[in-house]
Amino acid sequence: MNYTYLLEEVSLSMVSIVGRKSAYLGELYKMGFNIPKGFIVSSRGVNEAIKDLDDEIRGILSSVNLNDTTDLEKKSEMIKNMIIMSKLPEEMEKEIYERFSQLGSKYVAVRATATSPLSGASFAGEYETDLFVTQENLIPSIKRVIASYFNPRAIAYRILTHNEAGMAIFVQTMINPVSAGTAFSIHPITEEPDYVFIESSFGLGESVTRGMVTPDQYIVSKATRSLVSKRISEKVIKLTYDFEDRKIKSVELSKEEASAESLSDNDAIRIANMVIAVENIFKRNINIEWAMEDKKVYLLEVRGIRRLYPEF
């Protein structure tokens, strides 16, 4: 049994096997988009990893009281600890380490990716993401992300909706960005379709996606591929990886740094061109996450804008 797939081996027809995030990025990777290399532990692999715990997990879940937050949290922790303390099949571990060595990177990001074709709610529950994971911590990280399938919110959602969509695990070369953020092929509030709307800040993009800063905003015309407006915010902090302490830190910026532009006008246009190209491929409005490292723009994630295209 193959537990894993390289990013270049996956396609849109494999959402139920490799997850939505991986499937879309795999399709774009093969088209030449600048996407960090990676591999996926398939949904079958994830199921195999916890197969020996199935009966015990079902037994615990059968008695969950969703009206009792303490009971839900207690049973969630029981299941998660069982998974974290378990051992992956030997062949799976071997295959994962082989795939890791093929990436040629010391650090990777480990993320969950939903295997449902629906966006948004099917992935409710805030599954874990680990950044700057080394080979030494790779297997514990994968188990931690698998365990997050049983976070309290995720358990409650699946019980209430009878939605048993699974997960795959996406392991990807880690980008250590100078700046990062999101971009929309349609204005996220006004739904104006003629412009690309970019949000940007210094350091890791989580500061933007988690609302930790007021990001810089750039608006690029699709017709002229030119910058039509920008608003530079005081960004106060940036998230960065401390290689000595081996953890992500929030670093306070000086007033001068905080007020500096996190993107050049030209880089904003480069990001907009990427957004327009992806939108043209999928023929629908999209939202991406991007990051800049060594003057290269990387595409990290692509999603449909849920309100307009719930099926993406």
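# Close-up views of a predicted model

Lys 283 counts as exposed because its relative accessibility is 67%, where exposed means over 50% relative accessible area, buried under 20%, and partly exposed in between (1.4 Å probe, protein chains only). This is a predicted model, in which local features need pLDDT of at least 70, side-chain atom pairs count only at pLDDT 80 or more, and totals for chains, interfaces and linings use all residues. Residues are numbered from 1 along each chain as its sequence is written, and side-chain values use heavy atoms, with hydrogens and water left out.

**View A. Two lysines with positive phi.** Lys 283 is not a glycine, yet its phi is positive, about 60 degrees. Lys 283 sits in the loop between α11 (265-282) and β12 (286-293). Helices (H or I, at least four residues) and strands (E, at least two) are DSSP runs, numbered from the N terminus. Lys 295 also has a positive phi without being a glycine, here about 65 degrees. The loop between β12 and β13 holds Lys 295. Lys 295 is exposed, with a relative accessible area of 73%.

**View B. The sheet of 6 strands.** The strand order in this open sheet is β9-β8-β7-β6-β12-β13, and the pairing is antiparallel. Two strands pair if DSSP finds at least two bridges between them. Strands β9 (227-231) and β13 (296-304) stand at the edges with a single partner strand each, so one side of each has no neighbour in the sheet. From one strand to the next, the twist averages 20 degrees. Axes are lines fitted to C-alpha atoms, for helices over the stretch in contact, and angles run from 0 to 180 degrees between N-to-C directions. Inside the sheet, β6 (residues 179-184) pairs with β7 (residues 195-202) in the antiparallel sense over 6 bridges. Which residue of β7 is the bridge partner of Phe 184? The partner is Phe 197.

**View C. The sheet of 5 strands.** This open sheet runs β1-β2-β5-β3-β4, with antiparallel pairing. Its edges are β1 (4-6) and β4 (129-133); each has a single partner strand, so one side of each is left without a neighbour in the sheet. The twist here averages 20 degrees from one strand to the next. Strand β2 (residues 38-41) pairs with β5 (residues 167-173) in the antiparallel sense, over 4 bridges. Gly 38 has Gln 172 of β5 as its bridge partner.

**View D. Helix α7.** Helix α7 (residues 135-147) has 13 residues, which should span 18 Å at 1.5 Å a residue. The expected span is 1.5 Å times one less than the number of residues. The end C-alpha atoms of α7 are 19 Å apart, which agrees. Which residues of α7 are buried? They are Leu 138, Ile 139, Ser 141, Ile 142, Lys 143, Val 145, Ile 146 and Ala 147.

View E. A salt bridge is a side-chain nitrogen of Lys or Arg within 4 Å of a carboxyl oxygen of Asp or Glu. By this rule the model has 19 salt bridges. In one of them, the side chains of Lys 75 and Asp 71 meet at 3.1 Å, N to O. These two residues lie 4 apart in helix α5 (residues 69-85), so about one helical turn separates Lys 75 from Asp 71. Lys 75 and Asp 71 are both buried. Lys 80 and Glu 77 form another salt bridge (3.4 Å, N to O). Lys 80 and Glu 77 are 3 residues apart in α5, which puts about one helical turn between them. Buried or partly exposed? Lys 80 is buried, at 15% relative accessible area, whereas Glu 77 is partly exposed, at 39%.

**View F. Further salt bridges.** The side chains of Asp 242 and Lys 249 meet in a salt bridge (3.0 Å, N to O). Lys 249 is partly exposed, at 28% relative accessibility. Elsewhere, a network of salt bridges links Lys 21, Glu 289, Glu 301 and Arg 303.

**View G. A nonpolar surface patch.** Leu 66, Ile 159 and Leu 160 form this patch, with about 250 Å² of accessible area together. Patches are made of residues with over 30% relative accessible area and no salt bridge; like charges are joined within 9 Å, and nonpolar side chains (Val, Leu, Ile, Met, Phe, Trp, Tyr) within 5 Å. Accessible areas come from the Shrake-Rupley method with a 1.4 Å probe; for residues, only the protein chains shown count as cover. Ile 159 belongs to helix α8 (residues 152-161). With 34% relative accessibility, Ile 159 counts as partly exposed.
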